[in-house]
Amino acid sequence: MGNINFYSGESIPLEMHKPKIVQKLKLVPVQRRLEAIREAGFNTFLLKNSDVFIDMLTDSGVNAMSDKQQAAMMVADDSYAGSHTFTKLDDTCAEIFGTSYFLPTHQGRACENIISQVLVRPGTIVPTNYHFTTTLAHITLNGGKVVEPHIDEALNTSSKHPFKGNMDLDKLQALIDEHGADKIAFVRMEAGTNLIGGQPFSLENLADVKKICDRNSLLLVLDASLLADNLYFMKEREEQCKDLSIREITRKISDLSDIIYFSARKLGCARGGGICTSNEEVYLKMRELIPLYEGFLTYGGMSVREMEAIAVGLEETMDMDMINQGPQFIAYMVDELEKRGVPVVTPAGGLGCHINAMAFVDHIPQEEYPAGALAAAFFIASGARGMERGTISEQRDEHGNETLADLELLRLAVPRRVYTLSHLKYAIDRITWLYENRKLIGGLKFVEEPSTLRFFFGRLDALSDWPEQLAKKFEEDLGNL
Ligand code: F0G
């Protein structure tokens, strides 16, 4: 189902599902929101959910499950070894991806740990269309270096390019020529490229990357965590995919990949992860690490209930009615904000609506974390929390210098099938108010800074009393809510 044309002329995304279970929400007054963000050290990860109205932090582990997933959880076969539930999940992965082996893990980054330990050696390089935070951390931890031969358009926030997640083939080849294939640990393609705004790669590009890998005897590793969104965009935007089913496109993608891993907190709408491959040699090496870090080979740190839910969720992902909801809601949000002049990442991607903080608060230098400041300001103005995806999400270099991010984004994730169009309209309204009052927003500084993945639990403070001034203006314009 696409966007339906209404008799009134309006065109809005229409959900092909209905809620059966609901959770009560609370919107706390603006003065409490101000206190809460101060208590959280201006880090939206540290907010308590009781202060959050709309949770747009992430889609990870918070997509709504279907009735069939919930029903499947009730028949889970609980046993340490040999669980029938594992066999179901194993069979589903084999059927969907056409791969011979499946290794269960507790979540996506656990796959990255296993893959990096097996394939990354000190001094090796991992070319990728773009890094993800945990991927970079694991590759670096194993002595490798991440290099990003992405297309130039990837970092253009106002673009019309349908596949900004594509790899630049010439840059990839040049990298291999420069360092030699033996110095390349593997080539990584990330579906629905997270940190550049949920942008897809094309099937054509993946096939071209695979040709280069084959010519140089390199493994192609696919991060399929955001595959659902990437599949939707291939079907919508790529000529060769128009007449293929989602299942057929998935097979084409997996046939081009040597190793596929995914966070099932995203793909499959449950909680867990897994690695699929037909490469026996690599499989055997990775298998040894599963009982060490994850758990026995038939659960890998997941509860059997979640494994049941993932098996059903992966099947449901093969349905366009299921995978279109996220990207269509996001496109609605992006279009409405664009109409109001708010700088958003275009084209609309998957995962969430991404606001270009570098343009929104262009008076805040990158060293004062514009995307983090915008995330805090948006929470004060709305009670909705987004996630900073900018310099705070980077790590300092080996000399302790700040690594300024390519992009400063405020990500407003739209978990699948959770929020309604009126929730999005509320968020759009509050962003519009914030944009009109953007000069009130000021910068942040770290007061507690962990050395790795600092964005998760680092604490910051405002560089002036701008949060108080913002809350005061909000009360004058809109009252206490
Ligand atoms: N790869 C990608 C592309 C991801 O988006 C994530 C998680 C992971 C790997 C790691 O998976 O969380 O299950 O360990 N992304 C979440 C997010 C955290 O909010 O974007 P995980």
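Predicted model: local features only at pLDDT ≥ 70, side-chain atom pairs only at ≥ 80, totals over all residues.
Visitor: Let us begin with helices. How is the packing of two helices described, and at what angle do H8 and H9 pack?

Guide: Two numbers describe a packed pair: the angle between the helix axes and the distance between those axes. Here, helix H8 (residues 227-237) packs on helix H9 (residues 246-255) at about 110 degrees, and their axes are 10 Å apart. H8 is therefore roughly perpendicular to H9. The crossing in which H8 passes H9 is right-handed.

Visitor: Which residues make the contact between H8 and H9?

Guide: From H8, look for Leu 227, Leu 231, Met 234 and Lys 235; from H9, find Ile 246, Ile 249, Thr 250 and Ile 253. Sorted by class, the residues of this contact are six nonpolar, one polar and one charged.

Visitor: What angle do H1 and H18 make?

Guide: Helix H1 (residues 30-39) and helix H18 (residues 466-478) pack at about 165 degrees, with 10 Å between their axes. An angle over 145 degrees counts as roughly antiparallel, so H1 is roughly antiparallel to H18. H1 passes H18 in a right-handed crossing. On the H1 side the contact uses Val 30, Gln 31, Arg 33, Leu 34 and Arg 38, and on the H18 side Pro 467, Glu 468, Ala 471, Phe 474 and Glu 475. By class, that contact has five nonpolar, one polar and four charged residues.

Visitor: And are H4 and H5 roughly parallel or roughly antiparallel?

Guide: Roughly parallel. The axes of helix H4 (residues 108-119) and helix H5 (residues 133-141) come within 9 Å and cross at roughly 25 degrees. Their crossing is right-handed. Arg 109, Glu 112, Asn 113 and Ser 116 of H4 meet Thr 134, Thr 135, His 138 and Ile 139 of H5. The residues of this contact divide into one nonpolar, five polar and two charged.

Visitor: What is Leu 434 in contact with?

Guide: Setting aside neighbours within four places in sequence, Leu 434 is in contact with Phe 360, Leu 374, Ala 377, Phe 378, Ala 381, Ile 441 and Leu 470.

Visitor: Is Asn 356 buried or exposed?

Guide: Asn 356 lies in strand E10 and is buried, with a relative accessible area of 11%. Leaving out residues up to four places away in sequence, Asn 356 touches Thr 157, Pro 343, Val 344, Glu 408 and Leu 409. Asn 356 and Glu 408 are 52 residues apart along the chain, and their C-alpha atoms are separated by 6.2 Å. Another residue to look at is Glu 336 in helix H13 (residues 325-339); Glu 336 is buried, with a relative accessible area of 14%.

Visitor: What is phi for Cys 269 and for Leu 453?

Guide: Cys 269 has a positive phi, near 50 degrees, and is found in the loop between strand E8 (259-263) and strand E9 (273-277). Phi of Leu 453 is also positive, near 45 degrees, and Leu 453 is found in the loop between strand E13 (444-448) and helix H17 (454-457). Cys 269 is buried at 3% relative accessible area. The cut-off for buried is under 20%, so Leu 453, at 19%, counts as buried too.

Technical notes. Residues numbered from 1 in each chain as written. Heavy atoms only, no water. Axes fitted to C-alpha atoms, helices over the stretch in contact; angles between N-to-C directions. Helix = DSSP H or I, 4+ residues; strand = E, 2+ residues; numbered from the N terminus. Parallel < 35°, antiparallel > 145°, perpendicular 65-115°, else oblique. Left-handed = near helix turned anticlockwise from the far one by under 90°. Contact = heavy atoms within 4.5 Å. Nonpolar A, V, L, I, M, F, W, Y, C, P; charged D, E, K, R; others polar. Buried < 20%, exposed > 50% of the residue type's maximum accessible area, 1.4 Å probe, protein only.
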